[in-house]
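Please read it alongside the model.

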Amino acid sequence: MTTNTTEAPPVFKAESNGIKPPDFDLPFPDKPEIITSNLLKLFDLTPDPRVRFVMKNLVTHLHQFVMETSITTEEWEKTIKFLTEVGQICTPIRQEFILLSDVLGVSALVDAINNPPVRGATESSVLGPFFTEDAPDACEIVEQGGSIASEGKGKYMYVEGRVLSTDGTPVPDAVIETWETDESGFYDTQYADRDHADCRGRLRTDKDGKFGYRAVVPVSYPIPGDGPVGKLLTNIGRHNLRPNHLHMMVEKPGFRKLVTSLYPEGDEWLSTDAVFGVKKGLVVKLEEITDEEEAKKRGFKHGPFKLLKKDIVIVPEAEAKAAFEAAAKERARNAAITA
């Protein structure tokens, strides 16, 4: 007699998250408004006060939007499908959700309320979806003027300036991340055969807060149109162009991290940037340098080149915190007045 030693397959069972039902009853959602009130009451159980506050406001406004617009089932299904497609096209180096946030103005709005203007400080701008963590060091010594772009990526441009505190003192050893498109209007991450970082780099300011590096003249470009966000803009009749710009992110312990961009003047898309990133104080002038010796001194093979000179002023943490809290109180007062 043989014995069957085959093990029975494991039995999987759906498991609860372990949270018990609340100690109160909710009315059956026989009317639309009951759905909202029930959900808000359940959010009262949320232990984290900030999460509770944010989620209750989110649900209130989301439900109000659905009610005011009388969203149909078909429209909501299309919305879910659209958001699913946004998620599906994302990769480690492509962030379609950031792009969606950008074109809806949410990124610019979050940036604006979290970085209120401080007198004399460089204004912030949106991060955008093309920042990556793999930027090489642009140069070991800032004064040597290393290049962030390989040869042939565009017209020569030299970027120089100082990083200063709001009181005018230089900020040494500040880390600068910088990135831009090539002359074709593409970031390196948009090339399928990308095997290294290009048109992006990382450098540090010297003891006097100075920095300098070689780059290429940025060009205006369309945000990606092959995904759901690009198709959305076409459907609602909006252009998808961004004015030419150079991204910069500056960090130094004890200071608020600055994410910004510099926008050369004269671009036709400056006032209607597809992601609302341009601020007047970030529009800069490029100087034409035709001297061949000056070009070679700065590391270029030949002239001419464009010179972008701009000091970057960052805000000490304590000053930044005070500005944020003051702006938040002002928004709260304005909200109470209009309520």
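## Aromatic contacts

Tyr156, Tyr158, Phe300 and Phe305 make up one aromatic cluster. The model is predicted: local features need pLDDT of at least 70, side-chain atom pairs count only at pLDDT 80 or more, and totals for chains, interfaces and linings use all residues. Residues are numbered from 1 along each chain as its sequence is written, and side-chain values use heavy atoms, with hydrogens and water left out.

Seven aromatic pairs turn up in a search of the whole structure. Rings of Phe, Tyr and Trp (its six-membered ring) pair if their centres lie within 6.5 Å; planes under 30 degrees apart are stacked, over 60 edge-to-face, and the rest tilted. Two of the pairs are tabulated here.

| Pair | Centre distance | Plane angle | Class |
|---|---|---|---|
| Phe186 and Tyr191 | 5.6 Å | 70° | edge-to-face |
| Phe300 and Phe305 | 5.1 Å | 35° | tilted |

Burial is judged by relative accessible area (buried under 20%, exposed over 50%, partly exposed in between; 1.4 Å probe, protein chains only). Phe300 is buried at 5%, and Phe305 is buried at 2%. Phe186 is partly exposed at 38%. Tyr191 is partly exposed at 29%.

Tyr191 also has a charge over its face: Lys153 lies 4.9 Å from the ring centre. Lys41 lies over the face of Phe24, at 4.7 Å from the ring centre. The criterion is NZ of Lys or CZ of Arg within 6 Å of the ring centre and within 35 degrees of the ring normal.

## Helix 4

Helices (H or I, at least four residues) and strands (E, at least two) are DSSP runs, numbered from the N terminus. Helix 4 spans residues 96-103, and its buried residues are Glu96, Leu99, Leu100, Asp102 and Val103. They cover an arc of only 160° around the axis, so they sit on the same side of helix 4. That arc is taken from the directions from the helix axis to the C-beta atoms. These buried residues pack against helix 3 (73-89), helix 5 (106-114) and helix 6 (228-235), with contact meaning heavy atoms within 4.5 Å. Just after helix 4, Gly105 takes a positive phi of about 80°.

## Strand 2

How is strand 2 (residues 175-179) placed, enclosed or open? Five of its five residues are buried, so strand 2 is largely enclosed by the rest of the structure. Val175, Glu177 and Trp179 are on one side, Ile176 and Thr178 on the other.

Strands pair if DSSP finds at least two bridges between them. Strand 2 runs antiparallel to strand 3 (residues 200-204), joined by five bridges. Val175 stands opposite Arg204 in strand 3. Strand 2 also pairs with strand 7 (residues 246-251) in the antiparallel sense, over five bridges. There, Thr178 stands opposite Met248.
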